[in-house]
Each structure stands twice: as C-alpha cells, then as structure tokens.
Amino acid sequence: MSDAVIIASDLRKQFDNFVAVDGIDFEVRPGESFGFLGPNGAGKTSTMRMIGCVSPITSGSLTVFGLDPNVDGSEIRSRMGVVPQSDQLDPELTVAENLLIYGRYFDISRSECRRRTVELLDFVQLSDRANDQVDPLSGGMKRRLTIARSLINEPELLLLDEPTTGLDPQARHVLWDRLYRLKQRGVTLVLTTHYMDEAEQLCDRLVVMDEGRIAAEGSPRNLIDRYSTREVLELRFAIGENDANAATLEGIGERCELLPDRILIYDDDGEEALGEVHRRGVDPVASLVRRSSLEDVFLRLTGRALVD
Amino acid sequence: MSTPTAVRVWENHLLRYRKIWGSHLLGAFVQPVLYLVGMGLGVGALVDRSTDSIVLLDGITYFEFLAPALLATTAMMSGGQTSLWEVADGFIWSHRYVAMASTPLRPREIADGLALWHTTRIALAVTAVAGVLALFDETRTWGLLVAIPAAVLTGLAFALPISAWSSTRKNGSSFPAVIRFALIPMFLFGGAFFPIDQLPEWLQPVAYVTPLWHGIELCRGAVIPSVDAGPVAVHVAVLLAYAVVGLLACRATFAKALRP
C-alpha cells in the first residue's frame, strides 16, 4: 500500500556486536494505532528510534511519510511527535515554558506557541499547573506534559515509547483516554509496550517482538484467535507439586503450559476443563477460568512470560 | 522567515539564564574587584616598591599588569565552568539535547547553538569585568573595547574543546579535576599574576601552547598602550585554532552521542 505512513523492510540495527533489530518488516497505515509488544530488550526502542530518525538504520530499508530518514530526517521529525521512555522535560523551566521552548525548536512563532500551549495544557488537564516548576509534578502529570509537548507541532504521527510504564492504574487510564482522543482526531499512533492490557486497549494492530524479530502480527483479537484458545484455566498447586500434577492433567484441553508458579490449560471451555480436572481427582489450591489474552499469545510464541 | 537553527537552541539557554543572570553577573563583577583590590592594589604596593619590578613588568605598575589579564582569566573560568556539568546535563541528566535532537534540529546545529550561547555568556561576563576596569583611571581606555572580543575568543578557546569532551562523559566525576588541575593552574601560572619568563624554563613552553597566555597578552596589549603584545596575529591564530577545532569536535561528539 503506497499511502503507508511507515514502511520497513528487512530493517536491521546493530551496535558493535549486538544485533538489536534483526530484519523486521512492517507497515503502518494512516490513522492507525500500531503497537510493538514485547519484553525489555526485544528491540522495540531501537525500532522506534530508527522511525524517529534519531538512530541511523544498519541495513534494510525504512521510509516515513514516503521519505528516507537518512536524507530527510529533519523534515520527517518536523512532522512527527515523540514521547520518549524517559520524559526529558527541562527541569529548570516551568510547565508552560517547556512547551514554548519546544515549539521554538520547530520554529513555531512565540505567539502561536503560546496559543497552542493553552490548548494543549487544557487537553492534558494541566492548565492549573502552567506556571509551576516541572520537578514537583507527579509521574502521571510529567507524562501528560511530555505528551502535550510532543503535540506542539501538530504532528501527523505520534511515537510513544512505553507511554505508561511506571504509572499508577488511574494515571494510565487518564493517559489512555487522551491517546484515544488523539486517535479519533486522525493522528497515527505508534507505540511500544510490554503491557498486554495497554496493547489490547490502544492498538488496532500490533506485532509481537522477541529478540529483535517479529514473532507474529495482527489485531489483538486476531492474534488471540490464532495463537490461543477462547478460555484459559489457571491452576495453582502447593509448592513442588506442579510437575506431578501436570502428568495427571495430560490430555485436558488443547494445550498445557507449565509455569513455575501455576499450570495453564488452554481450552475453549474453561469450566468444562476444570470439571475434568476434578474428575481426575486433582485438587488445586486455587483455580481460575479467564479469557485468553495477549499474554497467552506471547507465551505460546516465545515460550516465555512477558512481564519482567 | 525562519529562525536560524542555532538561534533556536540558543533561546533555550537564554530562557534558563534569565532565571540566574543576577548571580552570574554579580559573580563576574565581584570576583575581579576582589582580585584587583587584594592583589592589584595590596600586593601591587609591595611589588612596585621593588626596583626589579620596573624591569620585570616593563615599566608598568603591578595594577596595570594584572587588571587587563583578569578579562582573559574571567573568560576562561566562565567558559570552562559552563562547559562541564551544564553540557553533560543535556546528555545524561536532563536529556535536554536528546530532546532537541528528536525535533527538526540536527546534532551539528545543536552544537552550533551551544557555541553561540557560550559566546553570549562569556561576553556578558567579560563585559562585567570591563565595567570594573573602567572604574579605575589606569585602565579606563577605549582599548577595553578591543580587549572584550579578544577575551571572548579566549573563553571560546576553552569552552568549545571542553564542551566536546564533556559531551562524551557518562557522569561528572572527572569535572572537578578539570577545574583543579587545568583551569586553576593556568589561572595562577598562565601569565596573569606574573610574567611567564619567571616560570622555570621547562614550564615556559607549556604556557605558550595554552590559550590563556595568548589571551592575556592580547588583553594587556589592548588596554595598556605601553605594553607590546608581541605577534598579535599569532595570538589570534592560536586562539582561533582552539575555538575552531573545539567547535568541529563538538559537532562530531554531539552527532555521535545523539545519533547512535
């Protein structure tokens, strides 16, 4: 599709002897919300930095807005917003000054910067803190300010690297709500996360990354359908009894995962599977039937749990 | 019309400086006053009584000898100090330059903006010292207007190479050593307080290759008419070489740090 905002093909990034991104292909379409899901060290940030034109690609090809980051990096950066993993706010300046000075980097006039600052602080609900120093702000507020700052140039594309890592649940929901509004306005969102719920909430489409490669691609629903069952039965046993019980449970459900602290049984009907567990005389300390999530997709694809 | 990229970077520094300009300028003003009164007048009274001093100082008073040199030493100290923690801050603590680098600004342009800012800040400090010198009869001369750019160039000869080095540091642990083992020895032995031909012979070539001595010679020659500054073109060339190489090094180290 030629109108894609980002096209990457066989994209690689290598630092000395370490391969951070190992030949990935993906496309991001206009207005879409696209995610990179994976554990720390999967190559998500390196990919984002290449898209953001702040890290040269090692090989393969990458175009953003149809332009080549090597040649037109400055122009590409002028049309996108970046929310980095760490906030990078200027601690010596006030909330409003942070927005003003950042707008100046894009050569937006002072009066226009001031107009947008009022609007953006309202959008991220920080209007009453406009003249406060940045330091005393909470983590969630700093994150919102960073998002406001990334919007000062009215970007067509917004890159968010782990936007809610380290935030409390309420702050995360406020942030998700703001991002959802941006998406409704037609801004293309590209984000990385290692949170399943975040990926399910925000992404139309995502790729699962592991060790610099893409393990799977699709919508959250589609990935779950493809790589997991409708439901999952989680069983917990007393310490050291996992292995013995696993043998007895063999054959229940479509598939079974043995984790250090629990056993997962994949079956479209979890209650039915639990019934069978009891029929076999196995008595877990705790049991839980839930819907499959991206966590299960990741486990299936990589054999490892996602959360660090 | 678009604002030059270096000016956009400079605006960030100016905005932050506006919160501390009072203490910076007061420091730039008070310190040379203390040296002028304590050393220039106090020690000078002793020095000028010795008959040798006529020969050693080429017939000028100790006050006249010391005062113009303070333009160059202030430029060095001001330029040196703002090139350490403040530059590293942009890369490793506040990530100010990292944030700039994700906007249309290129690393080279960020380095140029910093150079522009160094020039401004050193010029402010040097002008404050020139204001002090204008208070005294011995140094109230139009030559101060020539000495100011000479001192600013001296400051840049320190600020730009040091900034290039600072931008490669992972922490600030080695910064106090730069002040203690480079800037302060130069301040003391670089020809400000006594002529460098009083140094042990093996040390004199060291003074010739440091930027400070060249800057002091230029400032002294500009302010005190009877002093021969020696080969002015050589002094300027040495200072320019430090500044230009320093700027090119900044562009390179900034690119390396901001475009991994």
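Which residues touch the most other members of the largest nonpolar core? Of its 145 residues, these are A:L159, B:L71, B:V126, B:V129, B:A147, B:A151 and B:C219. A nonpolar core here is a set of buried Ala, Val, Leu, Ile, Met, Phe, Trp, Tyr and Cys residues joined through C-beta atoms within 7 Å. A residue is buried if 20 or more other C-beta atoms lie within 10 Å of its own, exposed if 12 or fewer, and partly exposed in between, with C-beta atoms placed from the backbone.

This is a predicted model, in which local features need pLDDT of at least 70 and side-chain atom pairs count only at pLDDT 80 or more, while totals for chains, interfaces and linings use all residues. Residues are numbered from 1 along each chain as its sequence is written, and chains are lettered from A and ligands numbered from 1 in the order in which they are written.

- Another core, of twelve residues, lies apart from the largest one and includes A:V232, A:L235, A:L249 and A:V277.
- Leaving aside neighbours within four places in sequence, B:A147 is in contact (C-beta atoms, placed from the backbone, within 7 Å) with B:P68, B:L71, B:A130, B:C219, B:A222 and B:V223.
- B:C219 belongs to helix 11 (residues 211-223) of chain B and is buried, with 34 other C-beta atoms within 10 Å.
- With neighbours within four places again left aside, the contacts of B:C219 are B:P68, B:A69, B:L71, B:A72, B:A147, B:A150 and B:A151.
- The C-alpha atoms of B:C219 and B:W202 are 25 Å apart, at a distance of 17 residues along the chain.

**Helices of chain B**
- Helix 4 (residues 62-81) has 20 residues and reaches 28 Å from its first C-alpha to its last, close to the 28 Å expected at 1.5 Å a residue; the expected span is 1.5 Å times one less than the number of residues.
- A bend of about 30 degrees occurs in helix 4 of chain B at B:L70, taken as the angle between axes fitted to the seven residues ending there and the seven starting there.
- Because 19 of its 20 residues are buried, helix 4 of chain B is largely enclosed by the rest of the structure.
- Helix 7 (residues 107-133) of chain B is mostly covered, with 19 of its 27 residues buried.

**Chain A**
- Chain A has eleven helices and 13 strands, and buried residues make up 45% of its 308 residues.
- Five of the five residues of strand 3 (residues 33-37) of chain A are buried, so this strand is largely enclosed by the rest of the structure.
- From strand 3 of chain A, A:S33, A:G35 and A:L37 point one way, and A:F34 and A:F36 the other way.
- Strand 3 of chain A runs parallel to strand 7 (residues 188-193) of chain A, joined by five bridges; A:S33 has A:L189 as its bridge partner.
- Four bridges join strand 3 of chain A to strand 8 (residues 205-210) of chain A, also parallel, and A:L37 stands opposite A:V208 there.

**Interface**
- 20 residues of chain A are in contact with 23 residues of chain B.
- On the chain A side, helix 2 (69-78) and helix 3 (95-105) each supply at least two residues, and helix 3 of chain A gives the largest share, four residues.

Methods
Contact = placed C-beta atoms within 7 Å. Pairing = 2+ DSSP bridges.
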